[in-house]
Structures are given as C-alpha cells and as structure tokens.
Amino acid sequence: MKGWKDVPEKVFGPPLKGGSVGVEISPELLGVGYIIGPRIAAIMCAGGVLAYLLLIRSSSSSATRSRSARAGAKLIHDMSPNQIRGAYVLYIGAGAVAAGGVVSLAKALPMIWRSLREASRDTALRAARRPGAPIRTFP
C-alpha cells in the first residue's frame, strides 16, 4: 500500500559530506533479522555503518578525484553515496562474506574429515559382520 518509503535515507552535508544513513524496513529483511538473531544482526549493522559513514565518505572526499574503473564513468567525487555503494562498496562486502565462508569451511574441515572417516569405518564394520552375529553398539 506504500504507506512509507522502503528505504528512508539521509545524506549528510559538511562536515560529513558523502556520508549517509538509511534503513531498509522491508518485512523480508526484518524477518531475516529475527531469524539470524541480535548478535549477527548487530555485526551486519556495524558493517553497514562502516560502509556508509567511513568507506563511502572517505572515497567521496574532496581529495579523491580518480576515475571509476569503468570506461566513461563519472568521477568518484561526483557520485552519490548510493552510486559509490553500487560500484565499489558492495563488492567489498561480498568479498568479506566470501572470506568468512572460506574461513568457516577451513575451521570445519577437520570435523568433516573425522565424520567421513567414522562413517566409512562404520560401513566397513557392517559389511564385514557375519549374518546372525550380535550387533555391537558404541556409546
């Protein structure tokens, strides 16, 4: 029914030129926030604050006058906070998520390996068992 704006936003002027604060209040994201819990939601919120108030602001400061990596794109200095987010900061966040996944997988590999080894042993034991022999149970 469009009772409110999906992404209310405030873009700051000097001295925080280039910084902005916004919140996405869609029911889907609120539901995901409830599912992941307050700790992870707070970490994700801190990442958003870091992105919008530090990364975007520092990349759009008056000292940064470099061109974007895409041919024909406008100067970073002339981009809005949302344009900088879409062109640069979004990929930093995606890289952080991917790196977190790789680290989590590396931490879980020993447990995965032990589980596979134990499962293969159990299968080998069952295959070697004689018909009619009692089944051993492990505590």
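From the N terminus onward, the elements of the protein chain follow the order β-β-α-α, giving two helices and two strands, where helices (H or I, at least four residues) and strands (E, at least two) are DSSP runs numbered from the N terminus. The structure is a predicted model, in which local features need pLDDT of at least 70 and side-chain atom pairs count only at pLDDT 80 or more, while totals for chains, interfaces and linings use all residues. Residues are numbered from 1 along each chain as its sequence is written, and side-chain values use heavy atoms, with hydrogens and water left out.

The mean pLDDT (the predictor's confidence in each residue, from 0 to 100) of the protein chain is 75, with 71% of its residues reaching 70 or more. Confidence is lowest in strand β2 (residues 20-22), at a mean of 73, and highest in α2, at 82. Where pLDDT is low, the predicted coordinates should not be read in detail.

Of the 139 residues in the protein chain, 14% are buried, buried being under 20% relative accessible area, exposed over 50%, and partly exposed in between (1.4 Å probe, protein chains only). Ala 51, Tyr 52, Ile 56, Ile 76, Met 79, Ile 84 and Val 89 form the largest nonpolar core, of seven residues; such a core is a set of buried Ala, Val, Leu, Ile, Met, Phe, Trp, Tyr and Cys residues joined through side-chain atoms within 4.5 Å. At least two residues of this core are supplied by each of α1 and α2 (81-128), and the largest share, three residues, comes from α1.

Pro 81, placed in helix α2, counts as buried because its relative accessibility is 10%. Between Pro 81 and Val 11, the C-alpha to C-alpha distance is 7.8 Å, although the two are 70 residues apart in sequence. Across the protein chain, 35% of the contacts (heavy atoms within 4.5 Å) between residues at least 6 apart in sequence join residues at least 24 apart.

The accessible surface of the protein chain, calculated by the Shrake-Rupley method with a 1.4 Å probe and, for residues, with only the protein chains shown counting as cover, comes to about 11,100 Å², of which 68% belongs to carbon and sulfur atoms. Tyr 34, in helix α1 (residues 27-59), is exposed, with a relative accessible area of 73%.
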